[in-house]
Each structure stands twice: as structure tokens, then as C-alpha cells.
Amino acid sequence: MNIDSYIYEAIFEEKPKYKVFYELIWEQFKEDGFVVTDESGFETDAVLKAVALQNLVGEFNYRLYDAVNETGFEDVLEYLANLGIDETEILEYCKENPQIEIDEEDFELTVKNALDYWTEITADTMLEAFSADDIFDYLFTATYDFEQDFTFDFEDTDEFQAFVDANTERLDEYKDEYPSVIRWIESGMVC
């Protein structure tokens, strides 16, 4: 199975509203070499980073709209099981990264630690690739309904980016309205 296709279909299309945002960020991650999806052996790593990206969107929604951030380690286990990756392989992956805290007696805590670690690294990587202002604009555009003015479904990342570029003043007003959210982004998006 092609891991890139799987991530788009199983993880990113789970909530179609955010699909174009995920695509924009994921393509940048691939370009920067942060995620590898065209070689075997990187499935666990790619799934953890994709779910970490979902966690960041969930945390943004929590901070802006007071919505529950539901994404968690259970999703990682389900996605990896669908790829045929078992607990032994997941544990080996975690042990290969000395930054992930391993609990030999609690597999689920180990997976949670791995997801927490990758969520933090994913946030740092986003901030290296994009400014805090751009991240706010992208997250806000992906999550906000804009229903009071019009409903807009983005066909692709070019259309999404064009919308953001054409509405910078309006998006700046939202940044002024939610200063704690922009501070959260600037301070590393710690969940």
C-alpha cells in the first residue's frame, strides 16, 4: 500500500473541511524531508506525524472555538493496525528514537509519549517552514466557516492560498480578536 495515499485517504480525508490545509502542510513536510512517504519502512513515522498534525488542528479548534480535541493515540494504533503494523513493530520504532520515553509495562503510554513527542516536533517544523502569522491564517481559514458572508469549499491548495492572500487584512483582524491563539502559535503550539 502506498503510505502517502493511505495518509490522505484514511487520516486527512477523515474531516474533509481540513483536507486542503493538511495537503498544504504535508506537501511542505515532504519537500523538506520531514516526512518520507515514497520509501518503505517509514509507515509508523509518517502516521505519527500525520496524527500529530491532526492534533495541532484539534488544539487550534480547542483554543479558538472551545471544541474538544479528540485525536489521540488510539487513532495511531488503528491506522497502524490497518497497515499491518503490530505492537512489536511500534515498540521497536519507539525504542529507535531516544527522545521517546518508553514504558516497558505500559504500551499505550509509550505510544502516547511518541505522539506527544511528534506533535511537538511537528509544531516546530511548521514554525520553521511558515511564519506564525501564516500558520494562524491557514488554520483559521481551514477551520472557520465564513458562513456569515459566504460558504467556500477550496478545490486545491492554490485556491486556498489565493483566498488567504486576498484576505490578509480580514485575517489580521481575527488575529487581533484572538491574541491568545496567536501567542500560542508563536510560543510553539504546545498542546
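Partly exposed means a relative accessible area between the buried range, under 20%, and the exposed range, over 50%. Keep that handy for the exercises below, and remember that this is a predicted model.

**Exercise 1. Work out whether Asp 116 and Lys 112 are buried, partly exposed or exposed, and say what joins them.**

Step 1: Take Asp 116. Its relative accessibility is 37%, so Asp 116 counts as partly exposed.

Step 2: Now look at how they meet. The two form a salt bridge, and their closest N and O atoms are 2.9 Å apart.

**Exercise 2. Find out which parts of the chain the salt bridge between Asp 137 and Lys 175 ties together, and whether its ends are buried or exposed.**

Step 1: Check the bridge. The side chains of Asp 137 and Lys 175 meet at 2.8 Å, N to O.

Step 2: Locate the ends. Asp 137 is in helix 7 and Lys 175 is in helix 9 (residues 168-177), so this pair ties together parts 38 residues apart in sequence.

Step 3: Test each end against the 20% cut-off. Asp 137, at 5% relative accessible area, is buried. Lys 175, at 8%, is buried as well.

**Exercise 3. Follow the salt bridge of Asp 4, and name the network it belongs to.**

Step 1: Start with the partner. Asp 4 meets Lys 30 in a salt bridge of 2.7 Å, N to O.

Step 2: See what gets connected. Asp 4 lies in helix 1 (residues 3-11) and Lys 30 in helix 2, so the pair ties together parts 26 residues apart in sequence.

Step 3: Compare the surroundings. Asp 4 is buried at 14% relative accessible area, whereas Lys 30 counts as partly exposed at 22%.

Step 4: Widen the view. Through shared partners, salt bridges join Asp 4, Glu 27 and Lys 30 into one network. The count for the structure comes to eight salt bridges.

**Exercise 4. Describe how Phe 34 and Trp 118 pair up, and say which lysine lies over their faces.**

Step 1: Count first. There are 19 aromatic pairs in the structure.

Step 2: Read the geometry of this one. Phe 34 and Trp 118 are 6.1 Å apart, centre to centre, with 65° between the planes, so the over-60 cut-off makes them edge-to-face.

Step 3: Find both rings. Phe 34 is in the loop between helix 2 (19-32) and helix 3, while Trp 118 is in helix 6 (residues 107-129), so parts 84 residues apart in sequence are tied together. Both residues are buried.

Step 4: Look over the faces. Lys 49 lies over Phe 34, 4.2 Å from the ring centre, and over Trp 118, 4.4 Å from that ring's centre.

Step 5: Zoom out. Ring pairs link a cluster that includes Phe 34, Trp 118, Tyr 117 and Trp 26.

**Exercise 5. Say where Thr 143 sits and what its side chain reaches.**

Step 1: Thr 143 belongs to helix 7 (residues 132-143).

Step 2: Its relative accessible area is 4%, so Thr 143 is buried.

Step 3: The Thr 143 side chain reaches the backbone oxygen of Leu 139 at 2.8 Å.

Step 4: Beyond its neighbours within four places in sequence, Thr 143 has contacts including Lys 17, Val 57 and Phe 60.

How values were computed: Residues numbered from 1 in each chain as written. Predicted model: local features only at pLDDT ≥ 70, side-chain atom pairs only at ≥ 80, totals over all residues. Heavy atoms only, no water. Phe/Tyr/Trp six-rings, centres within 6.5 Å; stacked < 30°, edge-to-face > 60°. Helix = DSSP H or I, 4+ residues; strand = E, 2+ residues; numbered from the N terminus. Buried < 20%, exposed > 50% of the residue type's maximum accessible area, 1.4 Å probe, protein only. Lys NZ or Arg CZ within 6 Å of the ring centre and 35° of its normal. Polar contact = N/O pair within 3.5 Å; in protein donor to acceptor, adjacent residues only side chain to side chain. Contact = heavy atoms within 4.5 Å. Salt bridge = Lys/Arg side-chain N within 4 Å of Asp/Glu carboxyl O.
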